[in-house]
Amino acid sequence: MKTVVAAALGECAHVAGVMNFLRLAEQAGWRTVFLGPAVPVSKVLDAARREEADLVAVSYRLTPENGERLLGEFAEEADALYRAGVRFAFGGTPPVAERARGFGFFERVFDGTEPVDDIIAYLRGEELQAAGEEAYPDTMVERIRWKAPYPILRHHFGRPSVQETREGIAKIAESRALDVISLGIDQDAQENFYHPERQDPRRTGAGGVPVRTREQYRELYEASRRGNYPLMRCYAGTDDFVPLAKMYLETFDNAWCAVPIFWFNQMDGRGPWDLEGSIREHQALMAWHGARGIPVELNEPHHWGMRDASDVVFVVAGYLSAHNARAMGVHDYVAQMMFNSPPMLSDAMDLAKMLALLEMISPLESSEFRIWRQTRTGLLSYPLQTEAARAHLAASVYLQMALRPHILHVVAHVEAHHAATADDVIEASRMARRAIENALKGQPDMTADPRIQARYRELIEQANHLLEAIRSLAGPGVGDPLTDPPTLTRAVTSGLLDAPHLRSNRYARGEVVTRIDERGACIAANGW
C-alpha cells in the first residue's frame, strides 16, 4: 500500500481541501497520514522520511506572494526527497496554484476547478489531463465501475440545429462535466427518419436536434471525441425500431437503449403503432439489444408519474419494466427512477416509492441480469425562478444520493424556461457534482425514517395486489401474463393502469382520481 503524507503548509490553517484529497486517496487504496493545519516545512519533510512516503501533498490558501516564498523554501529543502523518487503534489486557490506551477517542482497542481474524476485518476496512477480516448472506459458498465463510488453523470442535450448541437457537444466534452451525453432528437428524427415523406418542415427542431442523415449522427459523435470522451446515447425510435437501433450503434456507438413498454405510440401521440403492436415491438427491441450485450433502460415508470398516476402504479410500472427486460434476454438493466413525479410529492414519500421499486425488482437480479440504479430530478418539478430552480436541483440530487445511484441523470435548472444550452448543461452538472460530493462525505441514512419504512412496506403490499390483478386478465394458456402483450394491453384498457392525464385517451380510461395525502404520498381516490 502506498503512503501519502499531507498537510496545510506554513501559517495556512485551511485543511478542508487536504481532507477531501485524503478521503479520495483512501478510496483509491492509499495509506494516508494527515499532519494537520499550519505545519512547518521541516515537520512535513520529517514526517515524509519517517513514514516512507510515496507522495507528499501540501496545501496553501493564503496570499499568493507569501505562498510563493513558502513553496520556494519547501521545494529547496525537499530536493533530496525529490531526487530519491518521492512525488509531490500541491493544492490551493487558483492564484497560489499558478505560482506553484511556476516552480516545475510539483508533479500535479490542483486549483479546485478539476473534476473529481481527475483527482481519482491521478491517485490511481492514471493521467487524464493529457490522455487520449484510450484512458476513458467506452462502455456504460466499465465507466460506472471506473468512477465508483461516484455515479456517472448524464444529461439530455439537443439544440434546434445540427450545427449548434455539434458545437455544444464539443464544448460539453471539453468541460469534462458529463460522462454521458444523451442526444435529444426532434420528433421527426425519432419517428420518421426513414420516412422523409412523413416529415413536417414546420416542426423541424421542435424538442431536439433535427438529425436527418447518418452522416449528421456521425458528426455529432465526432464532436464528442475530446475532453473526457463522454459516452453518447439516444432514446429509441418510435417506428422502424431495430433499423434505427442498428444505425445508432454504427454511427455513435449508442451506450444503452432507452425504451418504454406502453408509450411511444398512438397512446401518447409519439408514434404510429397501436398499443399492443408497440408492446411487441418494444419487447423485440429489448431482445435485439440483449443479444448484443447492450444495456437497456426502460423509462416506463416516469411516464406514469409525469401523468399524476398513483405511487403504486409507478412501482408496478417499474417492476413490469425489469421483469420484461429480464425475460427478453437483457443482461445489464438500467432501473430509471425519476423523482418529483408528480412534483407535489414529499421527499419522504418520494424516497419510499423508490425503495419499494428497488425492493420489488431486486429478486430478479442474478449474474445474468445486473441492475444498475439511475435517478433523476422530475422534469416537470422545476420552478421558473432561476435561484429557486438551482436550489431544487441541488436538493433533489442530494435526496437521490440516498439510493447510491450508479447513474445520475442531471436535469438542468433552466428546463422550466428553455431547453438547456451547453453552458446550462455544464453549470447544472457542476451543481450536481457538488451535491454528490457532499452526500458521499457522510450523508445521514434517510431511508431509516419510520415514515419512509411504513410507506415502503405499504407500497410493496399494494403493488403485489395490482400485479395479481393484472395476471388475472390473461387468457387461457398464457405462460407469463406480465410479458404477454394482450394481457399488458388489457391492463391499460381495463383501467388497472391509469392516470388522470389520460382522460379521453383512445386506449387508457383516464378515470382514476389521484391526490396528495397528508403524508405527501400520491394515492388513488378511486381504485389503483
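Helices are DSSP runs of at least four residues, numbered from the N terminus. With that in hand, let's look around this predicted model. Just after helix H19, Gly495 takes a positive phi of about 95°.

**Helix H19**
- Helix H19 covers residues 485-493 and is mostly covered, with 7 of its 9 residues buried.
- The buried ones are Pro485, Pro486, Thr487, Leu488, Thr489, Ala491 and Val492.
- These buried residues pack against four helices: H12 (275-291), H13 (300-305), H14 (311-327) and H18 (450-471).

**Helices H8 and H10**
- Helix H8 (residues 162-175) packs with helix H10 (residues 214-223) at an angle of about 25°, and their axes are 8 Å apart.
- Because angles under 35 degrees count as roughly parallel, H8 is roughly parallel to H10.
- The crossing of the two helices, H8 and H10, is right-handed.
- On the H8 side the contact includes Val162, Ile169 and Ala173, while on the H10 side Leu220 and Ala223 are among the residues taking part.
- By type, the residues of this H8 and H10 contact are 6 nonpolar, 2 polar and 2 charged.

- In soluble globular proteins, nonpolar side chains tend to be buried together.
- Here, the largest nonpolar core has 71 residues, and Phe262, Trp304 and Tyr333 are among those with the most contacts inside it.
- Helix H15 (residues 347-361) gives the largest share of this core, 11 residues.
- A second, separate core has 64 residues, including Val4, Leu24, Val209 and Ile436.
- Beyond its sequence neighbours up to four places away, Tyr333 touches residues including Val296, Leu298, Phe369 and Trp372.

Key: Residues numbered from 1 in each chain as written. Predicted model: local features only at pLDDT ≥ 70, side-chain atom pairs only at ≥ 80, totals over all residues. Heavy atoms only, no water. Core = buried A, V, L, I, M, F, W, Y, C linked by side-chain atoms within 4.5 Å. Buried < 20%, exposed > 50% of the residue type's maximum accessible area, 1.4 Å probe, protein only. Contact = heavy atoms within 4.5 Å. Axes fitted to C-alpha atoms, helices over the stretch in contact; angles between N-to-C directions. Parallel < 35°, antiparallel > 145°, perpendicular 65-115°, else oblique. Left-handed = near helix turned anticlockwise from the far one by under 90°. Nonpolar A, V, L, I, M, F, W, Y, C, P; charged D, E, K, R; others polar.
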